Amino acid sequence: APRHNGKTGVVDIAHSSRLRSSAGRLFGENPGCLFGSAVAALVHWPRRAVVAIGEPCPEEPTGRVSIVELELRAGGTVVAEKNRVVLQPVAAGGGFGCSLAALGEDRLAVGLCAGQQVLIFRLNASHAATSATPPLQPVSRPYSFGASLAFVRLGGGVPALAVGGGGGGGTRGRAPL
């Protein structure tokens, strides 16, 4: 829920079997930014989860993505936030973090909606970015390229990134990984 209480955003972690009850709550730290605009699960183990949370900032030319490691009880309730790593944009263009897609445990696709770009970050074991691809961009504009992202498998199991957006534009809408 971006702009929770008009200040920062909030992300509720809910049990898959009881979506009406919150198992934990994460808050943004930057007033005016849209923490929780996009969420992607990187890892989910019985006692540990890692989620990426997008936080584009309309009042700033950038944005950020928080990668949060959570310690869980056996029933899935959040015990504690163990670690939070913040990714900053490495390319020009606003709206960084408007969309996210986990590409396994060690890669994360991040949309820069105002910049009409997508970056793919390689993450280390501590979830910090070790590298980023050159920006993926649409073939033609105007087009809100990068507004939505999803990891897909093409024929033969070939991994790819589906890139969505509105307003036409004539791109193929996918990038091989």
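User: Buried means under 20% relative accessible area, exposed means over 50%, and partly exposed lies in between, with a 1.4 Å probe and protein chains only. What relative accessible area does Cys98 have?

Analyst: This is a predicted model, in which local features need pLDDT of at least 70 and side-chain atom pairs count only at pLDDT 80 or more, while totals for chains, interfaces and linings use all residues. Residues are numbered from 1 along each chain as its sequence is written, and side-chain values use heavy atoms, with hydrogens and water left out. Cys98 counts as buried because its relative accessible area is 16%.

User: How many strands does the protein have?

Analyst: Helices (H or I, at least four residues) and strands (E, at least two) are DSSP runs, numbered from the N terminus. Read along the sequence, the pattern is β-β-β-β-β-β-β-β-β-β-β-β-β. The protein accordingly has 0 helices, and its number of strands is 13.

User: What share of the residues in the protein is buried?

Analyst: Accessible areas come from the Shrake-Rupley method with a 1.4 Å probe, and for residues only the protein chains shown count as cover. The protein exposes about 8,800 Å², of which carbon and sulfur atoms supply 53%. Among the 177 residues in the protein, the buried share is 45%.

User: Which residues are in contact with Leu42, leaving aside its neighbours within four places in sequence?

Analyst: Contact means heavy atoms within 4.5 Å. Leu42 is among the residues of the largest nonpolar core that touch the most other members. With neighbours within four places set aside, its contacts are Val50, Ala52, Ile67, Ala102, Gly104, Glu105, Arg107, Leu108 and Leu123.

User: How far apart are the sulfur atoms of Cys33 and Cys57?

Analyst: A disulfide is a pair of cysteine sulfur atoms within 2.5 Å, and by this rule the count comes to 2. Cys33 lies in the loop between strand 2 (22-27) and strand 3, and Cys57 lies in the loop between strand 4 and strand 5, so that the pair links distant parts of the chain, 24 residues apart. Cys33 is buried at 1% relative accessibility, as is Cys57 at 4%. The two residues form a right-handed link with 105° about the S-S bond, and their sulfur atoms are apart by 2.1 Å.

User: What is the torsion about the S-S bond of Cys98 and Cys113?

Analyst: These two residues form a disulfide with sulfur atoms 1.9 Å apart. Cys113 is partly exposed, with a relative accessible area of 23%. The disulfide is right-handed because its torsion is about 80°.

User: Which residue is the bridge partner of Leu100 in strand 8?

Analyst: Two strands pair if DSSP finds at least two bridges between them, and 5 bridges join strand 7 to strand 8, which run antiparallel. These strands form a hairpin with 4 residues between them, and Gly104 in the turn has a positive phi of about 90°. Strand 7 is mostly covered, with 6 of its 7 residues buried. In strand 8, the bridge partner of Leu100 is Val110.

User: Is Ser66 buried or exposed?

Analyst: Ser66 has its place in strand 5. Leaving aside neighbours within four places in sequence, its contacts include Phe35, Val51 and Arg84. Because its relative accessibility is 2%, Ser66 counts as buried.

Definitions and conventions:
Core = buried A, V, L, I, M, F, W, Y, C linked by side-chain atoms within 4.5 Å.
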